[in-house]
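Please take a moment with the sequence and the structure before reading on. The paragraphs below then lead through them part by part.

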Amino acid sequence: MPSPATPGRYDQGVYDHRGQTHGRRRPRRRRVVRTAAILSAALLLSGAGTYVWAATRLNQEVDLGALTGRAPRGEGTNYLVVGSDSREGLSLREQRDLNTGSTEGRRTDSMILLHTGAGGTTMLSLPRDSWVTLPPYVDPDTGRRYAAAPDKLNAAFSLGGPELLVRTVERNTGVRIDHYAEIGFAGFVSVVDAVGGVDMCLARAVQDKDSGADLPRGCQTLDGAEALAFVRQRKQEAAGDLGRTRNQQKFLAALAEKAVTPSTLLDPTKSLPMAAAGLDTLIVDKGTDLPDLLSLFEAMQEAASGQGNQLNVPVSNPDLRTSKGSAVKWDERRARALFTALRNDQAIPAR
């Protein structure tokens, strides 16, 4: 398993679930296979009945158009993809079996800024413990106003939901978010199970009491529960939250590869349950429709499979001591250069 990015650097090499490294080159065979897979997905949703069925299941509850004080528009398209710890859709027994706990509400468990445009596709993990500045906001429950203040990135989601999270990401990166997509624990588990599990090769055994991970070293097929435990665990990772983001990217590469295979897309017993599982707990913004989701999936599959950039935010201190506990401090100079490149849809600067 590859090491997480060292402080002050970010990785441009991409490691897949087999432990192999990918460059920026796009082999013709892979491009043809990917194109065929995306076309198959589009055809699957092109039937009027299926399209209407899927469209009616979209939960478009986030209103990005109502936000104020936003970052200016840049080039290309930016998605904020959030994995939340929402237990919605899980019974008490399922919560116990999945080691999710029974906390009400939802918090961020992972955050990815996904950029696509003429300059290429980049999947950028934002550690949830990143030390950032929250913009001024109004508590949606009490109506109380709060001034801008430093805090961890995941606090934005807890305090003000998706809207405050989007504003916080924009304030600290200068990158405008065009689309928002969030999936909870239940949807994640169901998607993995719907495709028949995901193949992973682990360089070492993974055991974590909190997440429930108990996976042997070597190649294996992870079911939904095992996959959730794997992407949630971080205490075994030397770099904590940074190590976990690397595992999440590694798993997404394997899931994307499995989801776009003809054996999955062209088999209604897999493709339709996969779509239903994702849509059941998926939350998007009001401006996101099915074509946008297909574009998001294509971009994520491209970045995760080694045909784009797969990065962590440059970090200067992974264990910054703050009033809120240990946090991740970004390397301001390198991070600013990275965000500027994304905003202008330019090539990622050399590390």
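This is a predicted model: local features need pLDDT of at least 70, side-chain atom pairs count only at pLDDT 80 or more; totals for chains, interfaces and linings use all residues.

C201, at 21% relative accessibility, counts as partly exposed. These two cysteines form a disulfide, with their sulfur atoms 2.0 Å apart, and the structure holds one disulfide. The pair links distant parts of the chain, since C201 sits in strand β12 (residues 198–202) and C219 in strand β15 (residues 218–222), 18 residues apart. The torsion about the S-S bond of C201 and C219 is about 105°, so the disulfide is right-handed.

From there, one can turn to the interior. In soluble globular proteins, nonpolar side chains tend to be buried together. Here the largest nonpolar core has 32 residues, and those with the most contacts inside it are L80, L124, L126, L165 and Y180. At least two residues of this core come from each of β4 (77–84), β5 (108–117), β7 (131–134), α4 (153–173) and α11 (332–343), and α4 gives the most, with seven residues. Leaving aside neighbours within four places in sequence, L126 is in contact with L80, M111, L113, L153, V169, V313 and W330. Apart from this core lies another, of 24 residues, among them A194, A254, A259 and M274.

Finally, there are the aromatic rings, for which a search of the whole structure finds two pairs. In one of them, the rings of Y137 and Y146 have their centres 5.1 Å apart and their planes at 15°, so the pair is stacked. Y137 counts as buried at 10% relative accessibility, whereas Y146, at 30%, counts as partly exposed.

How values were computed:
Residues are numbered from 1 along each chain as its sequence is written. Side-chain values use heavy atoms; hydrogens and water are left out. Rings of Phe, Tyr and Trp (its six-membered ring) pair if their centres lie within 6.5 Å; planes under 30 degrees apart count as stacked, over 60 as edge-to-face and the rest as tilted. Buried means under 20% relative accessible area, exposed over 50%, partly exposed in between (1.4 Å probe, protein chains only). A nonpolar core is a set of buried Ala, Val, Leu, Ile, Met, Phe, Trp, Tyr and Cys residues joined through side-chain atoms within 4.5 Å. Helices (H or I, at least four residues) and strands (E, at least two) are DSSP runs, numbered from the N terminus. Contact means heavy atoms within 4.5 Å. A disulfide is a pair of cysteine sulfur atoms within 2.5 Å.
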